[in-house]
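Work through the exercises below with the sequence and the 3D view at hand. Try each task before reading its solution.

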Amino acid sequence: MSIKTPSELRELVRGDVIVEGDSGYEEARSVHNGMIDRRPAVIVRVMNAGDVMTTINYARDYGLELSVRGGGHSGPGFGTNDGGVVIDFSQMRGVRVDPALRTARAEGGTTWGDFNAATHAFGLATTGGIISTTGIAGLTLGGGIGYLTRGVGLSLDNLVSADVVTADGKMVFASEDENADLFWAIRGGGGNFGVCTSLEYKLHPVQNVYWGPMFYEVEEAENIFKFYREYIKDAPEEMGAFPAFQIAPPLPFIPEDRHGDMFVAIVACWSGDPAEGERQFKAFHEVAEVKAEMVGPVPYPAINAAFDGLFPTGIRQYWKGNFVKELTDEAIAAHVEHGPNAPNASSTMHLYPINGACHRVASDATAFGHRDSNFSMVVIAASPDPADDEINTKWVRDYSDALAPHSEAGGYINFMDDDDTDRVRANYGDNYDRLLSIKRTYDPDNLFRVNQNIAP
């Protein structure tokens, strides 16, 4: 049946169909990044896979731009558009855990906060992000870097299967055994190939962890980075730790007279026996004097929400990222020069380790194209005030440009902004040509183009 108007679309889907002028439109069109101000023609809050299929058919048949929104955290605002259709998964957030098989199947709108709450009850977890409101689907399809990466791999390495609606509006099951080419492509190729209505993950025995940030004087930055470079090479894989620059927020564990000061930090997570955590953190206390810290045993879900206060919905944000093979002395010098200039407490640089379990997956086993890198760097500036946009953007660009000569040509697609389209081939790395072939098979007309796009 041909659908001609949103009113007819309402008759065919279970979820809400929202258009401009409806009471919930302004809220429904918003995404996490407050810099994004777009006005889609139709927003469908899908309730089931059938709604997704119908909405894809509607967008395709009428030549409308199509965006897919899970958690809505895309820096470039890929979860919305001007004048097109948005599939909004905010009403599809169910999680079913199978403790015997150690798997969980989650709907496409599930956030990491939702997922962790469901799996934690069983003493299980998998690699997720560091902000609880991030959607599992977007993070996973691009890679999925988090505290557990060194021990159990990327989020996509733990993906067992997915239900995917393709550009022809049909549902397919993707796994190693069924539609294996599609399954390969969605593990690192982003949203280029279809819409995941559910995702199934392997889980691991992780319930409580030993975690926390440690703040050092910014003058120790070179020392901290050189220590970290050597430490993380052969640290136990239960250790997920990364260095950062951070303006001290007004938190109780930081001396009041140091609020607003710039520090260099190490944020560490020991996912082995929490009783072993204090001993594992000893090296971080020996490298330099810790000026403030909040470390100890905590439930795993808590660490994925720890930075939520610095990154609330609506904050204005701009990102850049690079993959890094070696943290050279020259790269460290660039970090020391630019990192301390972060303009506010919500602006930072994190240098995530992606060695360990990540390196035990062949470079062509999934579409994630940079298995030989050891780090994934992100520089983000964020502020609620539009007046800060110019200085924030300049800091990110200057920092990223300074690190570019010491980094790979490609970066993690989840850290790319909307002015990074010239990096698409490099971002997908050596797997780009195979991704292009699969794109031409599943989406030859490029319906799924509001992403870090692989144009067929």
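Angles under 35 degrees count as roughly parallel, over 145 as roughly antiparallel, 65 to 115 as roughly perpendicular, and the rest as oblique. This is a predicted model, in which local features need pLDDT of at least 70, side-chain atom pairs count only at pLDDT 80 or more, and totals for chains, interfaces and linings use all residues. Residues are numbered from 1 along each chain as its sequence is written, and side-chain values use heavy atoms, with hydrogens and water left out.

**Exercise 1. Classify how helix 12 and helix 13 run relative to each other.**

Start with the description: two packed helices are described by the angle between their axes and the distance between the axes. Next, locate the pair: helix 12 spans residues 329-338 and helix 13 spans residues 389-403. Helices (H or I, at least four residues) and strands (E, at least two) are DSSP runs, numbered from the N terminus. The packing angle is about 165°, and the axes lie 9 Å apart. Axes are lines fitted to C-alpha atoms, for helices over the stretch in contact, and angles run from 0 to 180 degrees between N-to-C directions. Helix 12 and helix 13 are therefore roughly antiparallel. Finally, list the contact (heavy atoms within 4.5 Å). Helix 12 contributes Ala 331, Ala 334, His 335 and His 338. Helix 13 contributes Trp 395, Asp 398, Tyr 399, Ala 402 and Leu 403.

**Exercise 2. Find the strand order of the open sheet of 5 strands, and its edges.**

The order is 5-6-9-7-8, with antiparallel pairing. Two strands pair if DSSP finds at least two bridges between them. Strand 5 (95-98) and strand 8 (171-175) are the edges, each pairing on one side only. From one strand to the next, the twist averages 15°. Asp 98 has Thr 103 of strand 6 as its bridge partner. Helix 4 (residues 112-120) packs on the sheet and touches strand 5, strand 6 and strand 9. Helix 3 (residues 49-61) lies across strand 7 (159-165), strand 8 and strand 9. Its angle to strand 9 is about 140°.

**Exercise 3. Is Thr 197 buried or exposed?**

Then apply the cut-offs: buried means under 20% relative accessible area, exposed over 50%, partly exposed in between (1.4 Å probe, protein chains only). Thr 197 has 4% relative accessibility, so it counts as buried. Beyond neighbours within four places in sequence, its contacts include Ala 49, Phe 89, Glu 107 and Val 165.
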